[in-house]
Amino acid sequence: MESSITAKMIKNVKNERWSEEDFLKVRKETLAQWHTGQEVDLDEAIGYHKSMPDHKNVAKMLARALKEGRTLVQPRGGVALVDAQIELLLELQNQGNADILPTTIDSYSRTQRYNEAQHGLEESKRLNRSMLNGLPAVNHGVKECRRIVDAVDRPLCVRTGTSDARLLAEVTIAAGYTDFLGAGIDYNIPYTKNIPLEVTLFAWQYVDRLVSYYEERGIPLNREQYGALSGMLLPPGIVAAIAVLEGLLAVEQGVKRYAMGYPQTGHLIQDVAALRAMPELAQEYFSRAGHPDIMITTVMHQWMGAFPPDEAQAFGVIGYGAATAALAGATQVISKTTHEAIGIPTKEANAAGVRTSKQIIQMIEKQRYPETPEVRAEMDFIKREARAIADKVIDMGNGDVAVGIVHAFASGVLDIPFTPSLRNVNKAIPVRDDSGAVRWLDPGNLPLPDDVKAFHKEKVAERALAESREPSYEMTVDDIYAINRGKLIGRPEV
């Protein structure tokens, strides 16, 4: 089953707030995608949310964490059957002590192939084991998903991975989930091959308008931007620019709580600087757009690239990620497991990864990496690079972010490395410098100031000199596998 978004719907996608009339009109078509859409009753759902205790609402938990300077831990995890999903989440809650519980959605549902998801669900029931790589929440419907919400004592996030999350959002938010992950760039370019950006921007505008519909009726919901994009070796400037652009789309629809995602690079100073620069940058752009009252939080994803297969080394990567997030002052960290190099983790391994992160975060508690001249300089550099990109995108849309995003990807003004999308020019190539910070080997068509380009070139040249080789894509390939092999920088073997 393909997305029900039509050419007529996306013809004039702009960064304008949908009226309630327009939202409800599209909503009829959205709920008709699968029969469980008829279970969604907004009035009943709002009443259910109001009955929930505060500690089961992600937005309220994040507000407290932000005020108290705490870093919360959320793992990933999803299986096909509701009872098995409950079992997984109780393991993460009781044995892992996770602060926020996940529900990762299966791949069929991510592409609206609900018939195939249903087949996988039936096979899972027959074999009594998950034949899907996540929960087919739309197929289960509101009542079954609410069993998950009722069974646990932590707030829940929907980890989506889909270019069109409209029906998924309707079902899961109505069931009691209070955090919804994704946006129109980050679940298109890194995840799909040939879906027009107008389709995903439209679909995620709907999700944001749905969230604001609940907000208007007194239900605080968190909107988490994925941010990890293609997952590794991403210079923070492009990550920050995209987080700001997607945030501008969200707040225009009425989103009040926005979590900015960021993938750990492994360079401590760069990661600390990025996680501190991003909310400052977002506040600047949101205020300029007339939305100064947004609660902005940060979410750091522990290393998203290849993990070492050795369990002890993998625990080292997890621990370093947790320490980085805490020292930077991130509001959340998305934890990994020692099974990353093997496949889908067991619930026990998943809980162990959470415990590792929790132990380190609790030991660090309110310690923070000092704002050294190096951190400040990196923060300023990240902001300058992100502003150059974001401003050019907005200019390309004549002030409209949505229009600018479409034009920017077509021209390479926005460019995310290592993605499958034909909408992405894939000219920008990252690499680590001699200290391990991620720079641009080739910035492609990114609209960076000349002195910023010169800085990247200089830092890469320093590494090349230290390694007695020419700057090249070979360095990038070496860096991709470095952490898997126990290092940060992909040095040539001697």
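Threonine 476 touches Leu233, Phe418, Ile429, Pro430, Val431 and Leu441, leaving aside residues up to four places away in sequence; contact means heavy atoms within 4.5 Å. This is a predicted model: local features need pLDDT of at least 70, side-chain atom pairs count only at pLDDT 80 or more, and totals for chains, interfaces and linings use all residues. Residues are numbered from 1 along each chain as its sequence is written, and side-chain values use heavy atoms, without hydrogens and water.

**Threonine 476**
- Threonine 476 sits in helix H18 (residues 473–482); helices (H or I, at least four residues) and strands (E, at least two) are DSSP runs, numbered from the N terminus.
- Threonine 476 is buried, at a relative accessible area of 0%; buried means under 20%, exposed over 50%, partly exposed in between (1.4 Å probe, protein chains only).

**Helix H8**
- H8 (residues 137–151) spans only 16 Å between its end C-alpha atoms, whereas a straight helix of 15 residues would span 21 Å; the expected span is 1.5 Å times one less than the number of residues.
- H8 bends by about 75° at lysine 143, the angle between axes fitted to the seven residues ending there and the seven starting there.
- Buried residues of H8 include His140, Val142, Cys145 and Ile148.
- The buried residues of H8 pack against partners including helix H3 (42–51), helix H5 (82–94) and strand E3 (156–159).

**Sheet**
- Eight strands form an open sheet, ordered E1-E8-E7-E6-E5-E4-E3-E2, with parallel pairing; strands pair if DSSP finds at least two bridges between them.
- Strand E1 (72–74) and strand E2 (101–104) are the edges, each pairing on one side only.
- Seven bridges join E6 (residues 257–263) to E7 (residues 295–301).
- Proline 263 has histidine 301 in E7 as its bridge partner.
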